[in-house]
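Let's take a look around this structure together. Have it open as you read.

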Amino acid sequence: MQQNSPLKIVLTLVVFCSVAAGGLSLTYAVTKDQIEAQKRIEEAKAYSLALPAVKTAEGFTPLGDVARAVRAKHKEVTKVLKGEVDGDLKGYVIVVGPRGYGGPVQMAVGLTPDGAITDVAVISSNETMGLGTKALEPAFIRQLAGKTARDPVQIGKDIDAITGATRSSNAVVTGAREAVDVYRDFIRR
Amino acid sequence: MKRLREVFLSALMLENPLMRLMIGLCSALAISTRVESTLFMGMAATFVLVCSNTIISLSRKVIPDEVRIPVFIVVIASFVTIVDLVMRAYFPPIYARLGVWIPLIVVNCIILGRAEAFASKNDVLASVADGLGMGGGYTIVLLIMGTFRELVGTGKIVMFERTLVSLGSTFQPPTIVVLFPGAFFTFGFLMAILNKLENRWWGK
């Protein structure tokens with residue numbers, strides 16, 4: 001094997017890295033807007049699922065001040081939004097990411113203006129396919145509908161866990177519990 | 001042309017990355033829970049393989065031997081990132097399911113393995129054929145595993161949010177098939193069947 005001069009080695013690396021960087025920034029520039037748009041669509045879809053009264057993405061307004069205050073106490077809450085149709089308050093959506101079996105379960109919890117859960121929509125999760133994911137399905141989530149901060153909202157009290165998916169069930173219920181707590185402590189006046 | 005076909009078929013079957021070379025198993029075991037995932041994973045890996053093989057083969061004479069691995073990694077990582085961004089932009093539901101396994105194609109042994117063992121020693125056309133064969137072989141095995149695991153483990157096959165095949169509600173799917181142990185069982189049985197068939201056809 002012939003010895004290559006250090007200069008050649010360095011130059012080759014520089015050339016390869018520059019071309020790679022160029023190609024990547026080009027791809028990034030092309031896909032950036034599309035990725036942002038997809039993310040917003042995905043989130044808005046989850047909000048509408050959680051709070052069915054509000055159908056459009058424009059109906060949701062983030063409550064930045066509330067969210068900041070909430071985060072000091074509830075670290076897993078990432079967003080607090082209100083949902084309106086033609087200026088009429090239809091309810092709230094609280095985005096919370098409680099720890100499940102495979103990491104945080106990002107979910108949007110919808111609440112009526114009186115703080116009762118309308119529905120829960122899972123935005124992203126890493127729960128075990130076919131087992132933990134059962135706790136993210138309507139059959140399980142239905143149990144949460146109508147619950148308020150006055151209910152226990154706890155596995156074993158008013159909610160039945162999915163057999164074999166205790167931690168996933170627990171995550172969803174913990175998230176719902178946090179959402180009604182946030183409503184009671186920060187939103188209700 | 002004949003040589004290219006030989007390279008392609010050898011990569012696809014005799015040197016099938018999963019069944020014969022036994023490399024790239026980690027991602028294969030992890031993502032073969034759904035047909036849809038395996039299809040996209042196979043396409044993503046094949047794209048990266050063909051592109052990286054092409055570039056590495058084209059530049060094999062100018063890459064200094066001392067830094068060939070870093071150069072390979074730069075090339076591979078760039079193509080993986082391109083796939084990652086494109087999938088995130090245009091196929092978000094599938095990207096969400098494949099998650100970390102797309103960026104992890106960078107460390108998939110099949111791709112670096114073929115760069116080092118084949119593309120850096122052969123001409124461009126042969127390297128493309130090798131990439132297609134290796135990627136195709138990977139995809140086919142993934143599809144078989146994914147079909148079996150999704151059908152048996154969940155009782156139905158869902159693609160693009162439409163149920164294609166369903167075993168009916170009387171079928172109680174054994175969940176273990178879609179869990180991690182099921183991946184090993186499926187892989188082991190598949191390999192046993194393949195070896196048995198091979199012995200029967202060619203004799204040993």
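What follows is a short tour of a predicted model.

## Where the chains meet

Start with the contact between chain A and chain B. Chain A brings 23 residues to it and chain B brings 26 residues. On the side of chain A that touches chain B, the largest share is 16 residues from helix H1 (residues 6-50) of chain A. Sorted by class, that side of chain A has 11 nonpolar, 10 polar and 2 charged residues.

## Two helices crossing in chain B

Now move to helix H3 (residues 35-58) and helix H4 (residues 68-90) of chain B. Their axes come within 9 Å and cross at roughly 145 degrees, and the crossing of H3(B) past H4(B) is right-handed.

## A helix with two sides

Last stop: helix H1 (residues 2-14) of chain B, whose buried residues are B:Val7, B:Phe8, B:Ala11 and B:Leu12. These four sit on the same side of H1(B), because they cover an arc of only 120 degrees around the axis. As background, an α-helix has 3.6 residues a turn, so residues three or four places apart point the same way.

Helix H7 (124-154) of chain B is part of what covers the buried residues of H1(B). Over on the other side of H1(B), B:Lys2, B:Arg3 and B:Arg5 are exposed.

Methods:
Residues numbered from 1 in each chain as written. Chains lettered and ligands numbered in written order. Predicted model: local features only at pLDDT ≥ 70, side-chain atom pairs only at ≥ 80, totals over all residues. Contact = placed C-beta atoms within 7 Å. Nonpolar A, V, L, I, M, F, W, Y, C, P; charged D, E, K, R; others polar. Axes fitted to C-alpha atoms, helices over the stretch in contact; angles between N-to-C directions. Left-handed = near helix turned anticlockwise from the far one by under 90°. Buried ≥ 20, exposed ≤ 12 C-beta atoms within 10 Å, placed from the backbone. Arc of directions from axis to C-beta.
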